[in-house]
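Dear colleague,

I am passing on the structure we spoke about, with the sequence alongside. Please look it over first, and then read the notes that follow.

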Amino acid sequence: MEKIFRKIKNAYLGMISLFIGMRVTIKNYFAPSVTLEYPIKKKKMAPNFRGMVDLKPEACVICYQCIKICPVAALDLTHKQMVADGKKKNEITKFTYNAELCCFCGLCDEICPTDAIFMNKMYEVSVYDHNQVMNIDLMNENKYKHVDANYSLAAEIKINDLNTVGIIQKPPVAPVAAVAAAPAGPAAVSPTPTPEAPKPTSTNKETA
Ligand code: SF4
Ligand code: SF4
């Protein structure tokens, strides 16, 4: 008799376990998908994602800041001085990038005063030959076409311009007329900051 009860109990527990498992399966079957059908569908990269180094040549002021800060010497820049219309003008003769040396730190992007150099959103950069990524001409607008046929400099610049990474958003300057119309108070008469009163030293405290 005890044996029969044990069998009934096991069958009951088995059914309960089955229903719990089925409930989890059905719930996940109708839940929204958390995976992506890659490479047919691709995820949009986060605004601060650091892909390959890219350049807006017309924005570069040849300050060499990116060259100096690069910890692995992955960038190579040279320029020459031209005379056009009686004025001296600097012109880039070579600006290359070695993606094999690059550690994708983003320092060049951060230090550039004109946001000319930036990290684009490319992440599919597999190549068959080292030479394909060792001497990338940043002045060439089709610089990554051999790596990704869909690469577009204009699109990458647009995405970069929408991001604020590395760019400090300055508050708008108050109009001059509004400042002039403000009532003349003690602060307006003397814009020089009042020197702070000397803080009491331990000697002063003891004296008091
Ligand atoms: S991301 Fe870093 S390592 Fe790569 S080129 Fe820029 S500064 Fe150099
Ligand atoms: S820091 Fe910017 S502006 Fe200066 S050389 Fe590099 S890319 Fe050009």
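Among the contacts in the protein between residues at least 6 apart in sequence, 69% join residues that are at least 24 apart. Please keep in mind that this is a predicted model. Of the 208 residues of the protein, 14% count as buried.

As for secondary structure, the protein has eight helices and five strands, and their order along the sequence follows the pattern α-β-α-β-β-α-β-α-β-α-α-α-α.

Ala84 has Lys87 in β3 as its bridge partner. Strand β3 is also joined to β5, residues 136–137, by two bridges, and this pair again runs antiparallel; here Thr96 stands opposite Asp137 of β5.

The remaining point concerns ligand 1, which is surrounded by 14 residues, the closest being Cys70, Ala74, Cys102, Cys105 and Cys108. What classes of residue make up the shell around ligand 1? The shell holds 13 nonpolar residues and one polar residue, while charged residues are absent from it.

Note on methods
Residues are numbered from 1 along each chain as its sequence is written. Chains are lettered from A and ligands numbered from 1 in the order in which they are written. This is a predicted model: local features need pLDDT of at least 70, side-chain atom pairs count only at pLDDT 80 or more; totals for chains, interfaces and linings use all residues. A residue is near a molecule or strand if its C-beta atom, placed from the backbone, lies within 6 Å of it. Ala, Val, Leu, Ile, Met, Phe, Trp, Tyr, Cys and Pro count as nonpolar, Asp, Glu, Lys and Arg as charged, and the others, Gly among them, as polar. Two strands pair if DSSP finds at least two bridges between them. Helices (H or I, at least four residues) and strands (E, at least two) are DSSP runs, numbered from the N terminus. A residue is buried if 20 or more other C-beta atoms lie within 10 Å of its own, exposed if 12 or fewer, and partly exposed in between; C-beta atoms are placed from the backbone. Two residues are in contact if their C-beta atoms, placed from the backbone, lie within 7 Å.
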